[in-house]
Amino acid sequence: MVGPARPLFVLFGSSIVQLSFSNGGWGSIIADLYSRRADILLRGYSGWNSRQALQVLHHVFPKDSAIQPSLVIVYFGGNDAVLPFPSSQKTLVPLPEYVENMKKIGIHLKSLSEKTRVIFLTAPPVSYALIKEKLSEEHAKCRTLESCRKYAEACKELCKKIDVKCIDVWSAIQKRDDWLTSCFTDGIHLTAEGSQIVAEEICKVLEEADWEPSLHWKELPIEFGSPTKPSSPARQWHMD
């Protein structure tokens with residue numbers, strides 16, 4: 001560890017988390033915004049679903065750790081919703097199991113400390129045409145809008161029940177008129193434009209949450225500096 005201690009934010013999820021520091025990803029946007037205010041820790045596992053996440057949950061987030069995160073942002077769902085590949089033995093995680101897995105993940109994270117806050121991201125939509133073009137027709141048939149919608153809706157309903165903040169990525173991305181062509185690199189993973197939407201939604205939740213202490217970037221002190229120091233020009237688009 002290095003000091004002084006800052007609030008710790010952990011990004012936990014599958015490839016949309018693992019790749020979130022690449023090519024203008026939403027994780028890098030948050031890390032830039034919170035520089036000198038909080039430490040952003042990446043725990044992303046490409047290809048994983050909620051079943052796999054649950055198996056390592058206590059290793060990634062041990063209850064006896066001396067330092068617990070102030071915020072955990074969780075994304076699983078897209079891989080859970082994938083229909084079985086004809087050429088693969090892999091099967092989707094059934095919706096009831098996905099909900100139960102996410103419930104266990106949320107409850108565990110909330111129990112880490114009284115000050116640990118949790119945000120779930122829903123599954124985003126997908127672009128069939130881009131998946132077919134960049135990957136294969138088989139991939140495109142196994143990742144459907146309808147399946148992703150069902151898992152996104154289930155995540156939203158669960159969050160209401162267990163009192164976890166939820167960002168509806170499914171709906172937020174589709175508000176952009178050209179989302180089918182602008183928000184994905186391959187129909188599944190996010191471009192810089194798609195990531196900006198996710199980062200903006202995260203900032204909205206952090207600004208509006210009635211958490212004490214607030215975790216919004218404007219409310220956190222700048223390490224070894226004046227809290228009134230102006231933001232860099234690169235950050236001006238962020239919820240000013």
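## Helix packing and cores

Helix 2 and helix 10 are oblique to each other, a term for angles that are not under 35 degrees (roughly parallel), over 145 (roughly antiparallel) or 65 to 115 (roughly perpendicular). The model is predicted, so that local features need pLDDT of at least 70 and side-chain atom pairs count only at pLDDT 80 or more, while totals for chains, interfaces and linings use all residues. Residues are numbered from 1 along each chain as its sequence is written, and side-chain values use heavy atoms, with hydrogens and water left out.

Helices (H or I, at least four residues) and strands (E, at least two) are DSSP runs numbered from the N terminus. Axes are lines fitted to C-alpha atoms, for helices over the stretch in contact, and angles run from 0 to 180 degrees between N-to-C directions. The two helix pairs are set out below.

| Helix pair | Angle | Axis distance |
|---|---|---|
| Helix 2 (residues 26-33) and helix 10 (residues 192-208) | about 45° | 8 Å |
| Helix 4 (residues 95-110) and helix 7 (residues 145-162) | about 40° | 10 Å |

Helix 2 passes helix 10 in a right-handed crossing, the near helix being turned clockwise from the far one by less than a right angle. Trp26, Ile29, Ile30 and Leu33 of helix 2 meet Ser195, Gln196, Val198, Ala199, Ile202 and Cys203 of helix 10, where contact means heavy atoms within 4.5 Å. These residues comprise eight nonpolar, two polar and no charged; Ala, Val, Leu, Ile, Met, Phe, Trp, Tyr, Cys and Pro count as nonpolar, Asp, Glu, Lys and Arg as charged, and the others, Gly among them, as polar.

Helix 4 and helix 7 are likewise oblique to each other, and their crossing is right-handed. Among the residues making this contact are Tyr98 and Met102 of helix 4 and Cys155 and Leu158 of helix 7. By class, the contact of helix 4 with helix 7 has nine nonpolar, one polar and three charged residues.

The largest nonpolar core has 38 residues, of which Trp26, Tyr34, Ile119, Leu121 and Ile202 touch the most other members. Such a core is a set of buried Ala, Val, Leu, Ile, Met, Phe, Trp, Tyr and Cys residues joined through side-chain atoms within 4.5 Å; buried means under 20% relative accessible area, exposed over 50% and partly exposed in between, with a 1.4 Å probe and protein chains only. Helix 10 gives the most to this core, with seven residues. A second, separate core of 24 residues includes Ala81, Val118, Phe120 and Cys155.

## Individual residues

Ser50, in helix 3, counts as buried at 0% relative accessibility. Leaving aside residues up to four places away in sequence, Ser50 touches several residues, including Phe76, Asp80, Tyr98 and Met102. Asp64, by contrast, lies in the loop between helix 3 (50-60) and strand 3 and is exposed, with a relative accessible area of 70%.

Most residues other than glycine have a negative phi, and most peptide bonds are trans. Arg36, in the loop between helix 2 and strand 2 (39-44), has a positive phi near 70° and is partly exposed at 30% relative accessible area. Phe224, found in the segment after helix 10, has a positive phi near 55° and counts as exposed at 69% relative accessibility. Pro213 also lies in the segment after helix 10, and the peptide bond from Glu212 to Pro213 is cis, with omega near 0°.
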